[in-house]
Amino acid sequence: MENSDSINVETIMELTLNKRKHLLLDYINMNLPSEARAIFEQHVQNDQAAIQVYWQWKGLTLEAYMLMINGIHPVSDAGYSLGKRWDSFVRYATKEKQEMREAYRISYEEKEHWPEEDRFLTEYCEHFIEEAHRHFLESEAEGA
């Protein structure tokens, strides 16, 4: 982060402690459309791989939340760093396959069925993450 003095430690501790493992059970019971479920079943090897993707997503989203509440703009060094790691995460989670991107898009459209905490974080942080990712991509294109 750009300025460690501005980090709200109490907030990050509260959110980190809320990384409750039982949230994963809510996803297991989520009724995904059959198209998305089939794609995930085909491309996600096991539960451990799915859990790893979830915790990577959660960590990046919590980081975006912390940047936002500490007034750090997505077009900044910290935003670039987050955007770069988001890009790597998306490539990893989707295995760079269009059908996996489609399965995640379908899952996102069903976010009203997500656990409330994850839905809140997503809705609150999605614009920041999109802007940070765009900043990373544009910076990379300019440097190429």
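Buried means under 20% relative accessible area, exposed over 50%, and partly exposed in between, with a 1.4 Å probe and protein chains only. The model is predicted: local features need pLDDT of at least 70, side-chain atom pairs count only at pLDDT 80 or more, and totals for chains, interfaces and linings use all residues. Residues are numbered from 1 along each chain as its sequence is written, and side-chain values use heavy atoms, with hydrogens and water left out.

View A. Helix 3 spans residues 34–43, and its buried residues are A36, I39, F40 and H43. These residues lie on the same side of helix 3, because they cover an arc of only 95° around the axis; the arc is that of the directions from the helix axis to the C-beta atoms. Helices here (H or I, at least four residues) are DSSP runs, numbered from the N terminus. The buried residues of helix 3 pack against helix 6 (98–109), where contact means heavy atoms within 4.5 Å. The exposed residues S34, E41 and Q42 sit on the face of helix 3 turned away from its buried side.

View B. Side chains of opposite charge can pair when their charged atoms come close. A salt bridge is a side-chain nitrogen of Lys or Arg within 4 Å of a carboxyl oxygen of Asp or Glu, and a search of the whole structure finds eight of them. The side chains of K58 and E117 form one, at 2.5 Å from N to O. K58 lies in helix 4 (residues 47–69) and E117 in helix 7, so this pair ties together parts that are 59 residues apart in sequence. A second salt bridge joins the side chains of D118 and K58, at 2.6 Å from N to O. D118 lies in helix 7 and K58 in helix 4, so here the parts tied together are 60 residues apart in sequence. K58 counts as buried because its relative accessibility is 0%. E117 is buried as well, with a relative accessible area of 16%, and D118 is also buried.

**View C. The salt bridge between R85 and E63.** The closest N and O atoms of R85 and E63 are 2.6 Å apart in this salt bridge. R85 lies in helix 5 (residues 77–94) and E63 in helix 4, so the pair ties together parts that are 22 residues apart in sequence. R85 counts as partly exposed at 33% relative accessibility. E63 is partly exposed too, with a relative accessible area of 21%.

**View D. The loop between helix 5 and helix 6.** K95 and E96 are both found in this loop. K95 is not a glycine, yet has a positive phi of about 55°. E96, also a residue other than glycine, has a positive phi near 55°. K95 counts as partly exposed, at 34% relative accessibility, whereas E96 counts as exposed, at 56%.

**View E. A nonpolar surface patch.** The patch is formed by I69, F120 and Y124, which together have about 260 Å² of accessible area. Accessible areas come from the Shrake-Rupley method with a 1.4 Å probe, and for residues only the protein chains shown count as cover. Patches are made of residues with over 30% relative accessible area and no salt bridge; like charges are joined within 9 Å, and nonpolar side chains (Val, Leu, Ile, Met, Phe, Trp, Tyr) within 5 Å. Y124 lies in helix 7 (residues 116–143) and counts as partly exposed, at 37% relative accessibility.

Key:
Helix = DSSP H or I, 4+ residues; strand = E, 2+ residues; numbered from the N terminus.
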